[in-house]
Amino acid sequence: MKILHTADWHVGKVLKGRDRHDEHVAVLASIVRAARDEDVDVVLIAGDLFETAAPSPRAQGLVMRTLLALRSDGRQVVAIAGNHDNQHLLDALYRPVLGELGLHLLGTPKRPDAGGTLTLRSRRGETVNVAALPFLSHRYAVRAAEVLLHEAAEHTLDYSRRVAEMIQLLTAPFSGDAVNIVMAHVTLLGGRRGGGERDVQTTFDYELPASLFPATAHYAALGHLHRQQEIDGRCPIFYSGSPLAIDFGEEANEPVALVVTAEPGIRAEVRPVRIAGGRVLRTVRGTLDEVVTKGEQAGEAYLRVVLCEPARAGLGDLVRDKLPNALEVQLDEAYRPQAGSRGGSRGGDRRSRAGRSPLKLFGDYLAEQNIDDPRLSAMFTELLDEITGSAGEAAAPDGDAAAVPAAPAGEA
């Protein structure tokens, strides 16, 4: 039996204001091609079909068409909700409608006899058991325990133990004459973050031991961490990773889906297949001239630009003018204003304003902020001249606070 494992589509994702719908169209088409080219029997989508809990009609239409395309030729398709998905939308709308077409979707955890454990037949008549656990938040874990374990809500168990007991319940129907699969949207101990996950739902409070997956499983298909990787355990445990780099923290990730070959009594074999369609994300670093050269060599990649030179007015606009694909422009840490450099520094080492003219104060402020732009000084001099009727240095006698503006520009 051949299985295609994918996850973390995040359809509807916008990156730094840039719409990525066309990329998702191409990426999901590549996943459908992989399912056909590999002639897989089952497709597993381990959560986060959408980027938000309120997906647009366009995003929903794309996901719906993709699920139907994966179902063609008689493939079994199983999808679960991730932490980004609207779990109740999947249960109330997608599950009954697509269920009529032979697709299996779970928004919230279910008991084995209510759809939590599926027994499916492949086109060749092979049997596969899929124990499916959608994302489970800490808050929902108590309610899920009541539904699955018939446990009183006031009976407190830690998150890890609750999930382990649910997995044990869902995998109980596994049999020796079938291919047994566990599918979940979880964070495992030792898993490496991809870079674009929600931190609040990948912290140690959500980390689970790999030992909760039983040796009776031929394969554990996971979603949530965006980097493709294997986790050591009693059965083969894999994250497929996201097929599209979600943020610049994921620029080194390889966009793949996993093809799993499994049969009863034999440990599953896993190999990645590349998924095309997403634009490369790249960080370029250096002076203005250096980043422009590197950016032009990067072709169609979306860019994060880190400038290694002092700030000056319009610097970001210069970068974007020369590099239209620059989605983020920032200063290197060495050129950023240092903490405590503005008024009221912690150590009391800031020089007194007494005896220093407005033009001198503004010049010192620019120096503190690592801003080297003579145009700003000239503009400040002109404004000061308009306000005071003098030429900057002669604007007021030393120490005459009444003639000094309330704060230098940018310090208010």
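Predicted model: local features only at pLDDT ≥ 70, side-chain atom pairs only at ≥ 80, totals over all residues.
Two strands count as paired when DSSP finds at least two bridges between them.

View 1. The strands here come in the order 17-18-19, and their pairing is parallel. At the edges sit strand 17 (281-286) and strand 19 (326-331), each with pairing on one side only. On average, neighbouring strands in this sheet are turned by 15° against each other, ignoring direction.

View 2. Six bridges link strand 17 to strand 18 (residues 302-307), and the pair is parallel.

View 3. Reading across, the order is 6-5-4-1-15-16. Strand 6 (103-106) and strand 16 (266-274) are the edge strands, so called because each pairs on one side only. Neighbours in this sheet are turned by 20° against each other on average, direction ignored.

View 4. Strand 1 (residues 2-6) and strand 4 (residues 42-45) run parallel and are joined by four bridges. Which residue of strand 4 is the bridge partner of His5? It is Leu44. Helix 1 lies across strand 1, strand 4 and strand 16, and runs at about 165° to strand 1. Helix 3 (residues 87-99) lies across strand 5 (76-80) and strand 6, running at about 170° to strand 6.

**View 5. Helix 1 packed against helix 2.** Two packed helices are described by the angle between their axes and the distance between the axes. For helix 1 (residues 21-37) and helix 2 (residues 57-71), the angle is about 10° and the axes are 10 Å apart. Angles under 35 degrees count as roughly parallel, so helix 1 and helix 2 are roughly parallel to each other. From helix 1, the residues in contact are His21, His24, Val25, Leu28, Ile31, Val32, Ala35 and Arg36. Helix 2 meets them with Arg58, Leu62, Thr66, Ala69 and Leu70. By type, this contact has eight nonpolar residues, three polar and two charged.

**View 6. Inside the largest pocket.** This pocket holds about 260 Å³ of space. Its lining is made up of 19 residues. Which of them lie nearest the centre? Look for Asn253, Pro255, Arg274, Arg279 and Val280. Taken as a whole, the lining has nine nonpolar, five polar and five charged residues.

Key: Residues numbered from 1 in each chain as written. Heavy atoms only, no water. 1 Å grid on protein atoms, 1.4 Å probe; cavity = no way out; pocket = protein on both sides within 12 Å on 5 of 7 lines; lining within 4 Å. Points joined across faces, edges and corners; volume = space filled by probe spheres on them. Nonpolar A, V, L, I, M, F, W, Y, C, P; charged D, E, K, R; others polar. Axes fitted to C-alpha atoms, helices over the stretch in contact; angles between N-to-C directions. Helix = DSSP H or I, 4+ residues; strand = E, 2+ residues; numbered from the N terminus. Parallel < 35°, antiparallel > 145°, perpendicular 65-115°, else oblique. Contact = heavy atoms within 4.5 Å.
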